[in-house]
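Please take a moment with the sequence and the model before reading on. The text below is a guided walk through both.

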Amino acid sequence: MTTSEFPNSWKLAKVLPIPKSGNELRPICILPVLSKAFEKILSAQITHYIENNSLISKFQSGFRPRHSCVTALIHVTEEIRSAIDSNKVTFLGLLDFSKAFLNVEHIIMISKLEHKYNFSQSALNLMKLYLSNRQQAVDHGGKTSSFIEIKKGVPQGSILGPLLFAMYIDDLPQQLNLAKVHLYADDVQIYLSCDKTVINNCAIQFNLELSAIKQWADKNGLTLNPSKCKCLVISKRPVDMESVPDILIGNDKIELVQSAKNLGVIFNSSLSFDNHIRATLGKVYGMLRCLWASQSFTPQHIRLLLAKTYLIPVLLYGCELFANMDSTHKQKMNVLYNNIARYIFDRKRFDSISTYAKQISGMSFSNLLDFKSLIALQKIISTGQPPYLH
């Protein structure tokens, strides 16, 4: 660190193409262990520096201590809920960048580290060495390609790469005029609220904000993917979508949808989370059916571990957003929770299950929802983080 060195042997990456969705592949880089140990030290120092000097937007929740997808979603949800209480309509844009981590321009990254973050010359030299002369080979089907040089991007699979990307994209909110934005790494949520009487003007203003983001992206070597971007029009009562002007990125139309997945939670046009709860129930029931197939020869302590590892986290993800769901949905989730208890403790369909269900987490499902919300609240109050919720 003191000599601003980053050995070339630490820059060799083996890329494993992992199936993502459809025909897409996610490139995961396997990096030398020593490089990751060194990166962890650098990441801790950089994080301490930018947090103590308030050099990063408070609305960037990616890869920051005491920030998470859920805290970002709580903030955006409550902003939109407040607008709904005022009888306003909210345009929510969920933006997608094509291969964002792989398109970071090294020259621009170093320039931002120097001018925006005031890195010292020795720190800049180290970052230049970290980013430059990287090589990677693809390992697939037991065969490895030859190494080629990577001239841009931050290495996926690294510890420092995601933090550098969050810093790279941090000046995006400054491009906006009236709209608000929340970032989680390369996931961008942009939203603008207005009275129903001026919804057309609001759509025009929203397009201007999207145009500003596109100009920023072009300048920074990033590309918005309009086919994967979504826009929801959220309000207390349904809006006639046919009367809403097209939402555009450049000349490309963004799809206006009734529901869309946002950081793992499905938002809909009424902000009710009904779609998310139904999808979660279907997903967990599907997982549970797979586990039931091996239930008879899986020990109980292993079944409990499987439930706590795979089923309960999916069931409760984002529950701080919808813990006050209506009684119908709460009952359906409670029935699923009881079925998980039946799987763990080998209870039949008509056996009493409430006592066993409480053994999973030490309380009833209804109390577990409240408990999760209260724990989140206590963390915000005691730590003062994240600032946008505290």
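Predicted model: local features only at pLDDT ≥ 70, side-chain atom pairs only at ≥ 80, totals over all residues.

Residues are numbered from 1 along each chain as its sequence is written, and side-chain values use heavy atoms, with hydrogens and water left out.

Start with the charged pairs. The structure holds 10 salt bridges. A salt bridge here is a side-chain nitrogen of Lys or Arg within 4 Å of a carboxyl oxygen of Asp or Glu. One of them joins D139 to K14, with the closest N and O atoms 3.7 Å apart. D139 sits in strand 4 (residues 134-140) and K14 in strand 1 (residues 12-19), so the pair ties together parts that are 125 residues apart in sequence. Helices (H or I, at least four residues) and strands (E, at least two) are DSSP runs, numbered from the N terminus.

How covered are these side chains? Buried means under 20% relative accessible area, exposed over 50%, and partly exposed in between (1.4 Å probe, protein chains only). D139 is buried, at 18%. K14 is partly exposed, at 38%.

A second bridge pairs K230 with E255, and their closest N and O atoms are 2.8 Å apart. This pair also links distant parts of the chain: K230 is in strand 9 (residues 230-234), E255 is in strand 11 (residues 252-257), and they are 25 residues apart. K230 is partly exposed at 23% relative accessibility. E255 is partly exposed too, at 44%.

D246 and K253 form another salt bridge, at 3.4 Å from N to O. D246 is partly exposed, with a relative accessible area of 39%. K253 counts as exposed, at 54%.

Now look at the surface. L374, L377 and I381 make a nonpolar patch with about 310 Å² of accessible area together. Patches are made of residues with over 30% relative accessible area and no salt bridge; like charges are joined within 9 Å, nonpolar side chains (Val, Leu, Ile, Met, Phe, Trp, Tyr) within 5 Å. The areas come from the Shrake-Rupley method with a 1.4 Å probe, and for residues only the protein chains shown count as cover. L374 belongs to helix 12 (residues 365-383). L374 is exposed, at 54% relative accessibility.

Next come the pockets. A pocket is found on a 1 Å grid over the protein atoms alone: it is an open set of points where a 1.4 Å probe fits, with protein on both sides within 12 Å along at least five of seven lines, and lining residues have an atom within 4 Å of a point. Grid points are joined across faces, edges and corners, and a volume is the space filled by probe spheres set on the points.

The largest pocket holds about 1,100 Å³ of space. Its lining has 34 residues, and K20, R26, D96, F97 and D186 lie nearest its centre. Among the elements giving two or more residues to this lining are strand 2 (25-30), strand 3 (88-95) and helix 5 (160-168).

The second largest pocket holds about 310 Å³. Of its 14 lining residues, T71, E320, I375, A376 and K379 lie nearest its centre. Helix 12 gives the most to this lining, with six residues.
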